[in-house]
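Me: Could you help me learn to read a protein model? I would like to go feature by feature.

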Amino acid sequence: MKTTKPTTEQSSKYDGLEKMGISELLFNINKEDQSVPLAVEKAIPLINDFVTITVSRMQSGGRLFYIGAGTSGRLGVLDASECPPTFGVSEDWIIGIIAGGDGALRKAVENAEDDMQQAWKDLIKFNICDKDVLLGIAASGTTPYVLGGLLKAKENGVITGSISCNKNSVLSMNVDYPIELIVGPEFITGSTRMKSGTAQKLALNMISTTVMIQLGRVHGNKMVDMQLSNKKLVIRGIKILMEELGIDKETASVLLKKYKNVRKILEIHKRDSDSQT
C-alpha cells in the first residue's frame, strides 16, 4: 500500500538547484516564501482558540511555555526572550526551552530531540503546573522531545497546544489546541528551517503580541512598558512622550530620566489632568 510522505518531507518543486544562478535562486526562494502568510492566515481560527485560553490562564496567574528542538526550539526561545524588553514583563511569564539546553541555540546537540523524557525534566525545573499553558513547536509534528513533554504535561493538567507543518500530525492528535501551518514542500527538500520556520515565526509573533496586548502591555499602538535598556529605546520612549503628551524633547527627556518608565509618566499625567477637571 502506497503511503504519502508528510508535507515537510515531500520533494521540492525545484530541481537542479546547483545549476541555477544567484538571481534565479533568490527569485525562486522568494516565490516560495510568498505562500507562507497565506498558510498562516488559514490557521488564524486555531491560533485564536489557543490565544484565548492562554490569555485566560495568564490572567489567573499562569505562564506560557514553549518547547522545541532545533530551529523550532530556537524560534520559541527567541520569541520568549523578546517579550521582557518589548513589553516590560518578567522573564518567567513566557519561557522558551530548547532540547539540549541553551548550548543548542548555537550548535546542534546530538540526539537531544530524540529523548521523550527530557522535556518534562526541563519543564519541572520551572515548577510547571495546571495553571500554565504549554506550546510544543515542531515542523514535522513528530519530534519525540516535544511529544513527550506535551503528553506528560497533559497528564498533569497543563493546557497544551502545538505548532506543526504537517496535517493530522501526532502532535496535533495529542494536544488540546493544535495549530497546523501547511506551507508545502521546502525549496530544499526537507529543510524546514525555511518556509516552515518562517511560518512558525509568524505564528509565534501573532501569539505573543496578541497575548501581551490583551494583558494590557500596550497603550494605543505604543510599547509603553518596554525596558529602556539602550539608547535606541530611550529615544523611542522620548518620542512616545512627545507624541502622547504634546511636550518638547527636553521635557520628555527629563521626565523619562526621573521616572524611568513611559507608562508611569502617562499615568501620572492622566491622574493630574483628571484632578484638575
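This is a predicted model: local features need pLDDT of at least 70, side-chain atom pairs count only at pLDDT 80 or more; totals for chains, interfaces and linings use all residues.

Me: How many helices and strands does the protein chain have?

Reply: Helices (H or I, at least four residues) and strands (E, at least two) are DSSP runs, numbered from the N terminus. This protein chain has 10 helices and five strands.

Me: What share of the residues is buried?

Reply: Buried means under 20% relative accessible area, exposed over 50%, and partly exposed in between, with a 1.4 Å probe and protein chains only. Here, 43% of the 277 residues count as buried.

Me: Which residues form the positive surface patch?

Reply: Lys and Arg count as positive. A patch like this takes residues with over 30% relative accessible area and no salt bridge, joining like charges within 9 Å. A salt bridge is a side-chain nitrogen of Lys or Arg within 4 Å of a carboxyl oxygen of Asp or Glu. In this chain, Lys232, Arg236, Lys239 and Lys249 form the patch. Helix H8 (residues 231-245) gives the most to it, three residues, and Lys249 lies in helix H9 (residues 249-259).

Me: Why does Lys249 count as exposed?

Reply: Lys249 counts as exposed because its relative accessibility is 56%.

Key: Residues are numbered from 1 along each chain as its sequence is written. Side-chain values use heavy atoms; hydrogens and water are left out. Patches are made of residues with over 30% relative accessible area and no salt bridge: like charges are joined within 9 Å, nonpolar side chains (Val, Leu, Ile, Met, Phe, Trp, Tyr) within 5 Å. Accessible areas come from the Shrake-Rupley method with a 1.4 Å probe; for residues, only the protein chains shown count as cover. The place of a charge is taken as NZ of Lys, CZ of Arg, CG of Asp or CD of Glu.
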